[in-house]
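Colleague: Let's walk through this one together, please. Put the model up and I'll start asking.

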Amino acid sequence: MAGHQKEKAIVDEVHQNQILRELYLKELRTQKLYTQYHVNPLRKVHTITRKPMSWHDNLEEPADARFLNLIHHAAQGPRKKYPETQTEGQEIGWDSEPLVNPQREDRRLNHFKVYKDITLYKAKMWSLGEDDRHK
């Protein structure tokens, strides 16, 4: 048994070359280069996102003036969009300008707290929580 050696299989290069050639031609026949991709209409899938680095997806497109006007109009506040309130909730604060011009120097409208000696003393006592009532 130890003296039994396997004989090497003789490599026939012509036969091997013919096999490789047949494989290569079969691959060329069945190979198909796809350049246009589409979604299978028979299958429900999510939308396919674009490739971020492709040159044809990043081309500048002209701005649509109608769409931009619509977006800017929607971004405005309700007072700029409508001449009157649209809901009852908008009625609160719709006219935010005061009816009378608030001038701080006008003594007819502004009655500020004026402390004299006795009123200042009493205000301090009340802020400290002291009562002048006798029990």
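Modeller: One definition before you do: the expected span of a helix (a DSSP run of H or I, at least four residues; strands are E runs of at least two, and both are numbered from the N terminus) is 1.5 Å times one less than its number of residues. This is a predicted model, where local features need pLDDT of at least 70, side-chain atom pairs need 80 or more, and totals for chains, interfaces and linings use all residues. Residues are numbered from 1 along each chain, and side-chain values use heavy atoms, without hydrogens or water.

Colleague: OK, how far apart are the end C-alpha atoms of helix H1?

Modeller: H1 covers residues 13–30, which makes 18 residues. At 1.5 Å a residue they should span 26 Å, and the model agrees, with the ends apart by 26 Å.

Colleague: And which helix has the lowest confidence?

Modeller: Going by pLDDT (the predictor's confidence in each residue, 0 to 100), the protein averages 80, and 87% of the residues score at least 70. H1 comes out highest at 93. The lowest mean is 85, and that belongs to helix H4.

Colleague: How many of the residues of H4 are buried?

Modeller: H4 (residues 117–128) reaches 17 Å from its first C-alpha to its last, close to the 16 Å expected. H4 lies largely in the open, because of its twelve residues the number buried (under 20% relative accessible area; exposed is over 50%, partly exposed in between, with a 1.4 Å probe and protein chains only) is one.

Colleague: What percentage of the whole protein counts as buried?

Modeller: The fold reads α-α-α-α along the sequence, with four helices and zero strands. H1 is hardly covered, with a buried count of zero. Leu70 sits in helix H2 (residues 65–75) and is exposed, at 55% relative accessible area. Over the 135 residues of the protein, the buried share is 4%.

Colleague: Which side chains meet in a salt bridge?

Modeller: A search of the whole structure finds one salt bridge (a Lys or Arg side-chain nitrogen within 4 Å of an Asp or Glu carboxyl oxygen). The pair links distant parts of the chain, 18 residues apart: one partner is in helix H3 (78–81), the other in the loop between H3 and H4. At 3.9 Å, N to O, the partners are Glu97 and Arg79.

Colleague: Is Arg79 exposed or partly exposed?

Modeller: Arg79 is the partner in helix H3. Its relative accessible area is 41%, so Arg79 counts as partly exposed.

Colleague: Last one: which residue just after H4 takes a positive phi?

Modeller: H4 ends at residue 128. Just after H4, a phi of about 90 degrees turns up at Gly129.
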